[in-house]
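Colleague: I am new to this structure. Could you take me through a few of its features?

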Amino acid sequence: MNAHEIDFEIFGEEMQYVELELDPREAVIAEAGNFMMMDDGIKMDTIFGDGSKQNEGFLGKVLGAGKRLLTGESLFMTIFSNELSGKKKISFASPYPGKIIPIDLTEFNGKFICQKDAFLCAAKGVSVGIEFSRKLGRGFFGGEGFIMQKLEGDGMAFVHSGGTMAKKELMPGEKLKVDTGCIIGFTQTVNYDIEFVGGIRNTIFGGEGLFFASLTGPGTVYIQSLPFSRLASRIHQAAPQGGGKDKGEGSILGGIGDVLSGDNRF
């Protein structure tokens, strides 16, 4: 599997975008909704799956793309190809505040496992599949962690994290306990499992969920400080309920009234 070699540059701080430079006949793949801008001369096509296996028949492509439905993604992906003789540039943007992380798959023995909504774009030739857990505990209790995406090949891929990104290098046998939603991804040598928090008070009053992820080295782990699910939950809590104004709007006390009334949503 020889992925296209692409040059890139990441711009921005909290709302980043990545700019990719395509030589003639080079291409990149991306999920729908990540495109930002491109030079004239780049052709856009919608394809089944990720386009990494061009020699497969139509049925094979459909079956491969169909697996993506299990991760909540579309059957289709978008491929952007440079059809002209000169170099062209194309950019993809972060969907929410955070960081874009370049993943050189050759540094991870050709495979990287990530959350299903972390993938942003990749060089054509990189395979975007699904990674099933072999343990039922992850399926029942792991939430988003049960079915994850796997990026395979020898090219560049780009994933997105929410908030601030932390990179951890785990030694053999070293264990890291993480909120399941805070995982961005990890190398294939990392053992991933789900553990019960334990304790009656933790279970009833902890507010952090009943289970957390246990990541055991050796390998590299990427952690995000603000999963999109957590951000969406806070926005929902802050939004006016029932179509009316927020209870602090227009009142004499305003925001102070929220504090006095026990509004501790943030």
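Colleague: How many disulfides does the structure hold?

Modeller: This is a predicted model. A disulfide is a covalent bond between the sulfur atoms of two cysteines. To count here, a pair of cysteine sulfur atoms must lie within 2.5 Å. The number of disulfides in the structure is 0.

Colleague: Is C182 buried or exposed?

Modeller: Buried means under 20% relative accessible area. C182 has 9% relative accessibility, so C182 counts as buried.

Colleague: And C121, what is its relative accessible area?

Modeller: C121 is also on the buried side of that cut-off. Its relative accessible area is 0%.

Colleague: What kind of aromatic pair do F80 and F92 make?

Modeller: A search of the whole structure gives 7 aromatic pairs. For F80 and F92, the ring centres are 5.5 Å apart and the planes stand at 70°. Planes over 60 degrees apart count as edge-to-face. The pair is therefore edge-to-face.

Colleague: Which strands does that pair link?

Modeller: F80 and F92 are 12 residues apart, and the pair links distant parts of the chain. F80 and F92 are both buried. F80 belongs to strand β6 (residues 76-82), and F92 to strand β7 (residues 88-93).

Colleague: Which residue forms one aromatic cluster with F80 and F92?

Modeller: The cluster includes F80 and F92.

Colleague: Where is K111 found, and what is it in contact with?

Modeller: K111 is in strand β9 (residues 111-114). At 15% relative accessibility, K111 counts as buried. Leaving aside neighbours within four places in sequence, K111 contacts L105, E131, K150, L151, E152 and Q188.

How values were computed. Residues are numbered from 1 along each chain as its sequence is written. This is a predicted model: local features need pLDDT of at least 70, side-chain atom pairs count only at pLDDT 80 or more; totals for chains, interfaces and linings use all residues. Side-chain values use heavy atoms; hydrogens and water are left out. Helices (H or I, at least four residues) and strands (E, at least two) are DSSP runs, numbered from the N terminus. Buried means under 20% relative accessible area, exposed over 50%, partly exposed in between (1.4 Å probe, protein chains only). Contact means heavy atoms within 4.5 Å. Rings of Phe, Tyr and Trp (its six-membered ring) pair if their centres lie within 6.5 Å; planes under 30 degrees apart count as stacked, over 60 as edge-to-face and the rest as tilted.
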